[in-house]
Amino acid sequence: AEYGKQWYQRRVRGKKWLADLQTIKTTFVKEYISEAPAIILVFKVPYHDDEKGVRHNHWYYEASVSIAVGILLCALNNVGLVTVTSTPMNCGPALRRLLNRPDHEKLAYLLPIGYPSDKATVPDFARKPLDEICTFIE
C-alpha cells in the first residue's frame, strides 16, 4: 500500500502537490497503516455473475459502498475506535490478487482500525464558514 501511494504521489500528482503536503507533514511512511492492529479493506463490486453465468449489475454500488463506510465509521467511533479513511492508490490490484478477489472487484477504501495513539497528531485545519459551502433558499 505504501509503495503504491508513493508511486501515485510522485508520478501522478507531481511536485506541486507534494510541496503542498509538506504543510501537514505527511510522508510515504504511513504508520497508521503499519502499526494498526486491524485493517478493513472495502471493495466495490459493480456486478456479480450468478451460478448460470448471468451477469447482474449493481447499479448504485459507488453510493452504497460510501454510505456503508460512513455507517461503519460512526459505529467504530461509537465504541472508541479510530481510523483514517485512506483511498488506496495503486495498491488495489496487488491486494486484490493477494486476497484472491475477482478482477472486477475494486478496492475503494483501506481503513486501519485501532485505539488512538498517545502520540497521534491531527493537522489544525480551519473549517470553512457554512455560508461558503451551502446555499440556503427560503
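This is a predicted model: local features need pLDDT of at least 70, side-chain atom pairs count only at pLDDT 80 or more; totals for chains, interfaces and linings use all residues.
Residues are numbered from 1 along each chain as its sequence is written, and side-chain values use heavy atoms, with hydrogens and water left out.

**The chain**

- The chain has 6 helices and 4 strands, where helices (H or I, at least four residues) and strands (E, at least two) are DSSP runs numbered from the N terminus.
- From the N terminus on, the order of elements is α-α-α-β-β-β-α-α-β-α.
- Of the 138 residues in the chain, 25% are buried.
- Among contacts (heavy atoms within 4.5 Å) with a separation of 6 or more, 65% are between residues 24 or more positions apart.

**Helix α4**

- Helix α4 covers residues 61-78, which is 18 residues, and spans 26 Å from its first C-alpha to its last, close to the 26 Å expected; the expected span is 1.5 Å times one less than the number of residues.
- V65, V69 and L76 are the buried residues of α4.
- These residues lie on the same side of α4 because they cover an arc of only 35° around the axis, the arc being that of the directions from the helix axis to the C-beta atoms.
- An α-helix has 3.6 residues a turn, so residues three or four places apart point the same way.
- The buried residues of α4 pack against β1 and β4 (106-113).
- After α4 comes G80, with a positive phi near 90°.

**K44 in strand β1**

- Strand β1 (residues 38-44) contains K44.
- The side chains of K44 and E62 are joined by a polar contact of 3.1 Å, that is, a pair of N or O atoms within 3.5 Å; within protein, one must be able to donate a hydrogen and the other to accept it, and residues adjacent in sequence count only if both atoms are side-chain atoms.
- Leaving aside neighbours within four places in sequence, K44 is in contact with Y61, E62, V65, H104, E105, K106 and A108.

**P93 in helix α5**

- P93 belongs to helix α5 (residues 92-98).
- P93 is partly exposed, with a relative accessible area of 36%.
- P93 and D103 are 10 residues apart along the chain, and their C-alpha atoms are separated by 8.0 Å.

Notes. Buried means under 20% relative accessible area, exposed over 50%, partly exposed in between (1.4 Å probe, protein chains only).
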